[in-house]
Amino acid sequence: MSVEMRNRHEALGLTGEDLLAMYRVMLTARRVDERLWVLNRAGKIPFVISCQGHEGAQVGAAFALDRQKDYVLPYYRDVAVVLAFGQTPRDLLLAAYAKADDPNSGGRQMPNHFGSRKHRIVSGSSPVSTQIPHAAGIALAAKMRGDDVVAYVSFGEGSSNQGDFHEGLNFAAVHRLPVVFFCQNNGYAISVPASKELATPSVADRAAGYGIPGVVVDGSDVLGVYHAVKTAVERARRGDGPTLVEAMTVRLTPHSSDDDDRTYRSGEELEDARRRDPLPQLAEYLIASGVADEVLLRALDQEVRAEVDEATAYAEQARDPDPADVLRFVHGEA
């Protein structure tokens, strides 16, 4: 690895501490996700939809935002994004177990329907892409108020075929709103390959139809994603309008715990996806750049595993929702 490649983070204005923080969030997302699969297969939680393979794209994007004032409208795979914005493994496990203290919905929503007013994480819903026009609305409000706020909204490439995608991008482009539209393209809408979803080579090509920039970046390269999203965020803050960033990611698992991807993906394809895993790529960069060594990375992994173990034990013993509260937040209350 050349000197320039070893110092990429410095050229982007990132310190070694920044890199370790990014790696920790990615690692935590991976360990939480792995735990959820174990719990699902043990019959303890009903459903998992995985972030594995997307962590580099998500962390690169999240760290390019101002996590003290910007808003994020995540989609269901954005485990690393919400961790970066302040949610914890305990929060995610409480949601997976549908416990009363689940901070997203008190056990009312499916897992990965993230939401936190305190952390400016806007709750989504199961119909895909509905969060896209919501992001445009938040950005419009920020512009009207004169607030220095950028809205980040993410979605899969399959969601880019929905009407909400067109309406959200068109409205944001016409009004030059401070939005970053972030497509995480893992090549599949459940089991439908991108070749049967898109008539264009990439989702980013569609940006031209709205008169905004479209950028394609390697989603397994956390620093490349950081640079692309940082550029889009700076453009939005200047008042120059939205950007569509497409991160080409890999999905290392089935679509969800209810899917069997062996019916439509070959073993060779899955093996190639594992070679693009963003987590070991960043670990290799940390060592090559002198930011960390294998001892430090092993210690960090042990620390994260212990945190996930504690979160699991806590969530498993946490109180269940009271059935009498099932209709709360459905109708207005005096």
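Arg262 is exposed, its relative accessible area being 66% (exposed means over 50%, buried under 20%, and partly exposed in between, with a 1.4 Å probe and protein chains only). The model is a predicted one, in which local features need pLDDT of at least 70, side-chain atom pairs count only at pLDDT 80 or more, and totals for chains, interfaces and linings use all residues. Residues are numbered from 1 along each chain as its sequence is written, and side-chain values use heavy atoms, with hydrogens and water left out.

**Salt bridges**

- A salt bridge is counted where a side-chain nitrogen of Lys or Arg lies within 4 Å of a carboxyl oxygen of Asp or Glu; by this rule the count comes to 27.
- Arg262 forms a salt bridge with the side chain of Asp260, at 2.9 Å from N to O.
- The side chains of Arg274 and Glu271 are joined by a salt bridge of 3.4 Å, N to O. These residues are 3 apart in helix α10 (residues 267-275), and Arg274 and Glu271 are therefore separated by about one helical turn. Both count as partly exposed: Arg274 has a relative accessibility of 45%, and Glu271 one of 40%.
- Glu333 and Arg328 meet through their side chains in a salt bridge of 3.7 Å, N to O. Glu333 is exposed at 52% relative accessibility, whereas Arg328 is partly exposed at 36%.
- A network of salt bridges links Asp66, Lys69, Asp70, Asp148 and Arg237.

**The helix pair α3 and α11**

- Helices are DSSP runs (H or I) of at least four residues, numbered from the N terminus.
- The axes of helix α3 (residues 16-41) and helix α11 (residues 278-288) come within 10 Å and cross at roughly 150°. Such axes are lines fitted to C-alpha atoms over the stretch in contact, and the angles run from 0 to 180 degrees between N-to-C directions.
- Helices α3 and α11 are therefore roughly antiparallel to each other, a term used for angles over 145 degrees.
- From α3, Leu19, Leu20, Met22, Tyr23, Met26, Leu27 and Arg30 meet Pro278, Leu279, Leu282, Ala283, Tyr285 and Leu286 of α11, where contact means heavy atoms within 4.5 Å.
- The residues of this contact between α3 and α11 divide into 12 nonpolar, no polar and 1 charged.

Notes:
Helices (H or I, at least four residues) and strands (E, at least two) are DSSP runs, numbered from the N terminus. Angles under 35 degrees count as roughly parallel, over 145 as roughly antiparallel, 65 to 115 as roughly perpendicular and the rest as oblique. Ala, Val, Leu, Ile, Met, Phe, Trp, Tyr, Cys and Pro count as nonpolar, Asp, Glu, Lys and Arg as charged, and the others, Gly among them, as polar.
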